[in-house]
Amino acid sequence: MLKMNNIVMTYDPGGINELCVFNDFSFGVKKGEFVSLVGSNGSGKTTLLNIICGTLAQTSGEVYIAGENMSHKKDYYRARRIGRVLQNPSLGTCPNLTIAENMALAENKGKKFDFTFCINKKRISAYRDMVRELSLGLEDKMDVKMGSLSGGQRQAVSLLIATMIPIDFLILDEHTAALDPLTSETIMHLTDKTIKEKKLTAVMVTHNLRYAVEYGDRLVMMDKGRVVMDISGKQKQATAVEDVLKIFNDISIECGN
Amino acid sequence: MMEVFFNLSVNVLIQSLIYAVLTYGIYITYKILDFPDLTVDGSFPLGAAVSALLLVNGADPWLTIVAAALSGALAGLFTGIIHVKFKVRDLLAGIITMTALFSLNLQIAGSNLTVDRATPTIFTSGIAMRLFGGLSLSLRKLIISALIAFAIKILLDIFFKTKYGMLLFAVGDNERFVTSLARDKGSVKIMGLVISDALVAISGCLVCQEQRSFSATMGTGQMVFGLAAVIIGSTVFRKMSFVKGTSCALAGSLIYKLCIQIAILLGLPANLLKMVTAVLFLVILIVGQSRTREA
Ligand SMILES: Nc1ncnc2c1ncn2[C@@H]1O[C@H](COP(=O)(O)OP(=O)(O)OP(=O)(O)O)[C@@H](O)[C@H]1O
Ligand SMILES: [Mg+2]
């Protein structure tokens with residue numbers, strides 16, 4: 001599903017702040033895999049996701065998504081097959097548009113944005129059913145602006161919207177980090193359910209090691225632009241939070257933190 | 001006395017209706033796209049210059065509206081490309097186009113161009129005469145401008161409900177969302193500018209036909225007028241969210257032109273108009289800001 005070959009990523013090349021985040025980095029994700037990605041701050045997780053999505057252009061190297069060479073394709077071109085939920089809940093939707101309007105736009109992703117009406121009255125009840133699945137009581141608020149929902153509610157709708165039409169790949173960057181523990185748990189359950197039901201391939205960055213261990217079928221730890229731990233299947237099932245934490249700490253101590 | 005008052009009121013209405021088309025344009029850039037588009041001060045006289053030149057050469061007055069719209073659309077396209085493709089800041093992109101247009105307008109129509117009384121305009125020929133020929137010229141102007149202002153408003157209101165129209169709102173609201181819809185946010189922005197400046201140029205064309213003249217300086221301050229009108233309109237109706245943005249812009253245009261007319265009646269010298277406009281605009285901005293701060 002995803003193949004990254006020999007990625008080099010240098011911020012501000014030649015400038016005073018030159019910083020090489022990845023030097024000859026390779027990474028792959030199989031179809032249907034749900035990868036939890038952990039690593040200390042600044043280890044390059046967000047940079048990695050941005051390179052996958054085309055938000056950032058890699059200095060050199062290749063990115064393949066579903067067999068297609070995406071190395072030099074624009075972010076909006078790649079977005080056709082990718083759904084993305086970010087840490088900031090207000091980035092996943094349009095705050096001044098209603099839930100229904102946001103969903104109508106999302107449903108039209110990959111199709112023509114022409115001069116036909118955006119909201120098809122017949123679809124509203126279908127949208128409402130999807131929102132009801134979130135069990136947040138939002139089904140009565142279809143005409144409420146996104147901006148007036150809470151962060152958790154917005155994140156739930158963002159997740160719904162990102163996966164509304166069939167996509168190949170779901171990318172989550174600390175998407176529960178801005179939420180309280182309970183809401184965070186709810187969103188995590190929802191994420192897992194969505195990924196399983198829609199059989200999505202997913203990469204989830206999280207700082208919550210428990211989520212990383214409990215969810216997903218592969219766990220990858222990054223440090224300074226390298227993969228330092230990569231477990232899946234039985235091996236992952238046998239791994240406890242403490243084990244991951246120990247490795248995490250060992251690496252941090254090595255760095256002198 | 002009554003008749004003077006009546007004529008003045010009709011004139012204010014005509015002015016606010018034909019300038020409302022400009023405020024629709026500013027509503028699109030400023031309110032929807034969140035793009036302060038200074039192209040306006042150039043695209044407004046561009047529409048007037050194109051239409052003045054065509055009128056004196058005997059073109060059909062309705063066709064000049066189409067030509068003005070196309071010229072304005074090109075101006076907006078230019079600003080959009082400078083901003084999106086060459087990453088020039090929004091205000092600067094507009095200033096560059098505006099400055100270039102000043103020379104272009106001089107090339108097209110000189111520093112002044114008068115359309116003489118014998119030349120037909122949309123208010124004195126064709127369908128206007130056939131339908132409203134029995135009315136006085138000012139009433140005819142009022143009806144025609146109202147029809148145009150409302151027709152454009154209705155078209156825009158419908159457009160805003162379409163998929164493409166909604167995309168315009170989305171790009172002003174959250175660019176990343178547009179990208180996630182697999183759409184190029186830059187081209188959506190450019191399209192918004194194209195539509196906006198086409199409307200502004202139509203307004204310039206209507207003003208030119210109404211006053212039968214073009215002057216190279218007629219664009220100065222139009223962007224500020226449009227902003228003020230849009231902000232006044234949306235402030236007045238802020239508690240009534242069901243009122244459409246275009247209705248706010250139309251109402252803002254009316255309130256603004258009315259205030260100016262009253263100021264002139266009270267003896268304000270015409271030379272001070274722009275100064276008053278600037279002060280008024282500053283007051284509106286400060287009042288608007290203090291309100292959002294409280295909220
Ligand atoms: N736009 C940028 N310009 C320059 N350097 C950057 C930029 N974005 C990130 N970096 C640097 O690249 C490195 C990796 O950052 P990145 O955001 O990928 O880390 P991360 O693993 O997502 O961290 P976190 O857990 O804090 O989100 C950091 O050292 C950071 O300072
Ligand atoms: Mg990050």
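Helices (H or I, at least four residues) and strands (E, at least two) are DSSP runs, numbered from the N terminus. This is a predicted model, where local features need pLDDT of at least 70 and side-chain atom pairs count only at pLDDT 80 or more, while totals for chains, interfaces and linings use all residues. Residues are numbered from 1 along each chain as its sequence is written, chains are lettered from A and ligands numbered from 1 in the order in which they are written, and side-chain values use heavy atoms, with hydrogens and water left out.

- H6(A) runs over residues 181-197, and its 17 residues reach 24 Å from first C-alpha to last, close to the expected 24 Å (1.5 Å times one less than the number of residues).
- The buried residues in H6(A) are A:Ser184, A:Ile187, A:Met188, A:Leu190, A:Thr191, A:Asp192, A:Thr194 and A:Ile195.
- A handy reminder here: an α-helix has 3.6 residues a turn, so residues three or four places apart point the same way.
- Helix H1 of chain A (residues 45-53) is mostly covered, with 8 of its 9 residues buried.
- Those buried residues are A:Lys45, A:Thr47, A:Leu48, A:Leu49, A:Asn50, A:Ile51, A:Ile52 and A:Cys53.

**A closer look at A:Gln87**

- A:Gln87 sits in the loop between strand S6 (82-85) and helix H3 (99-107) of chain A.
- It counts as partly exposed because its relative accessibility is 37%.
- Leaving out residues up to four places away in sequence, A:Gln87 touches A:Gln155, A:Asp173, A:Glu174, A:His175, A:Ala177 and A:Ala178 (contact means heavy atoms within 4.5 Å).
- A:Gln87 and A:Val205 are 118 residues apart along the chain, yet their C-alpha atoms are separated by 9.7 Å.

**Chain A as a whole**

- Chain A has 9 helices and 10 strands.
- Its radius of gyration is 19 Å, close to the 18 Å from the globule rule for 257 residues, so chain A is as compact as a globular protein of that length (taken over C-alpha atoms; the rule is 2.2 Å times the number of residues to the power 0.38).
- The C-alpha atoms of chain A fill a box of roughly 60 × 40 × 35 Å along the principal axes.
- Of its 257 residues, 51% count as buried.
- For contacts in chain A with a separation of 6 or more, 68% come from residues 24 or more positions apart.

**Chain B as a whole**

- Chain B has 12 helices and 2 strands, in the order α-α-α-α-β-α-α-α-α-α-β-α-α-α along the sequence.
- The radius of gyration of chain B is 19 Å, close to the 19 Å the globule rule gives for 295 residues, so chain B is as compact as a globular protein of that length.
- Its C-alpha trace spans about 55 × 45 × 35 Å along the principal axes.
- Buried residues make up 53% of the 295 residues in chain B.
- Among contacts in chain B between residues at least 6 apart in sequence, 78% join residues at least 24 apart.

Definitions and conventions:
Buried < 20%, exposed > 50% of the residue type's maximum accessible area, 1.4 Å probe, protein only.
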